[in-house]
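Let us walk through this structure together, one region at a time. Keep the sequence and the 3D view open beside the text as you read.

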Amino acid sequence: ACPGFFGEVNPATMVVTDASTPGPFMANLFNDSRLASRIPLVVFHYFPGVNNTPTNPMRKAAFGPLVLNSNTMCLMPGAPVVGTCGKYIKTEYANCSFPTNANLAFGAIDLDANYTVRGSAVETSGIVKGCENKVVKQTYYCYRRTWPTGAPHVVDCSTCDVQMTCAELGQVYTNAGCCGQPLKSVSLTGFTGLTCLDLRKGHQATKCCSNASGMFLS
């Protein structure tokens, strides 16, 4: 259902949610102040029947570039806050009645927690209401971007608390021999497929050039 992301997603039994993007950030992203006070804010990346919900046209309009499959309407991970992990939960259910008539903000956001459990933390939010006792398995996926555009990098969730200042990033860039070699691979804790160009763009995106003591990873 979600090609290229979140492992194998059974289109009939699995749900992918994200509650890790801060409400105020989402409010600014979508120019909708209602999102600012809903914390955690659960986003449905996929659930069986999401393509048939009344708000599906809004989903296409709001998340068009993130749609992985026009039939299932699964959304790829955005992890929109540069340097910060986006945390995604894939939940498998048995005999769950999924909210196919859901009225979702922008076709994806459970604004008032009408369809999902809103816990006290990201990790305890996103279970489909009415199916709390029908959970078979949960799997966590983490993604982190080093610059604003393109797909984020998959990372080991255990490294999401790793922090790095702009000055430390510069040292990594130098030690990796990146100068003049933008496509050279770089080894950075938790990341896979990272290149020198990614570090350079991330350096610019987080305004490290004018603030060496600022945070690159936070």
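**A cavity and a pocket**

About 30 Å³ of space lies in the largest cavity. Here a cavity is a set of points, on a 1 Å grid over the protein atoms alone, where a 1.4 Å probe fits but cannot get out. Grid points are joined across faces, edges and corners, and a volume is the space filled by probe spheres set on the points. The structure holds one cavity of 30 Å³ or more. Its lining is made by S20, T21, P22, A79, P80, V81, T84, C85 and G86, where lining residues have an atom within 4 Å of a point. Sorted by type, the lining of the largest cavity has five nonpolar, four polar and no charged residues. In this sorting, Ala, Val, Leu, Ile, Met, Phe, Trp, Tyr, Cys and Pro count as nonpolar, Asp, Glu, Lys and Arg as charged, and the others, Gly among them, as polar.

Before going on, a word on the model. This is a predicted model, in which local features need pLDDT of at least 70 and side-chain atom pairs count only at pLDDT 80 or more, while totals for chains, interfaces and linings use all residues. Residues are numbered from 1 along each chain as its sequence is written, and side-chain values use heavy atoms, with hydrogens and water left out. The protein averages a pLDDT (the predictor's confidence in each residue, from 0 to 100) of 86, and 86% of the residues score at least 70. Confidence is highest in strand 1 (residues 14-18), at a mean of 98, and lowest in strand 7 (residues 215-217), at 54.

Now for the pocket. A pocket is an open set of points with protein on both sides within 12 Å along at least five of seven lines. The largest pocket has a volume of about 300 Å³. Of the 18 residues that line the largest pocket, L29, F63, L66, G78 and P80 lie nearest its centre. Helix 1, strand 2 and helix 2 each give two or more residues to this lining, and helix 1 provides the largest share, three residues. The lining of the largest pocket divides into 12 nonpolar, four polar and two charged residues.

**The fold and its helices**

The protein has four helices and seven strands, where helices (H or I, at least four residues) and strands (E, at least two) are DSSP runs, numbered from the N terminus. Along the sequence they follow the pattern β-α-β-α-β-β-β-β-α-α-β. Of the 218 residues, 48% count as buried; buried means under 20% relative accessible area, exposed over 50%, and partly exposed in between (1.4 Å probe, protein chains only).

Which residues of helix 1 (residues 23-30) are buried? They are G23, M26, A27 and F30. These residues cover an arc of only 105° around the axis, which puts them on the same side of helix 1; the arc is that of the directions from the helix axis to the C-beta atoms. The exposed residues N28 and L29 sit on the face of helix 1 turned away from its buried side.

In helix 2, the buried residues are N56, R59 and F63. They span an arc of only 50° around the axis, so they share the same side of helix 2. The face turned away from the buried side of helix 2 carries the exposed P57 and A61.

**Loops and backbone details**

The loop between helix 1 and strand 2 contains N31 and P40. N31 has a positive phi of about 55° although it is not a glycine, and N31 is exposed, with a relative accessible area of 72%. The peptide bond from I39 to P40 is cis, with omega near -10°.

F106 also has a positive phi, near 55°. F106 is found in the loop between strand 3 (85-93) and strand 4 (135-144) and is buried, with a relative accessible area of 17%.

**Aromatic pairs**

A search of the whole structure finds 10 aromatic pairs. Rings of Phe, Tyr and Trp (its six-membered ring) pair if their centres lie within 6.5 Å; planes under 30 degrees apart count as stacked, over 60 as edge-to-face and the rest as tilted. The rings of Y93 and F98 have centres 5.8 Å apart and planes at 80°, so this pair is edge-to-face. Both Y93 and F98 are buried. Elsewhere, ring pairs link F5, F6, Y88, Y141 and Y143 into a cluster.
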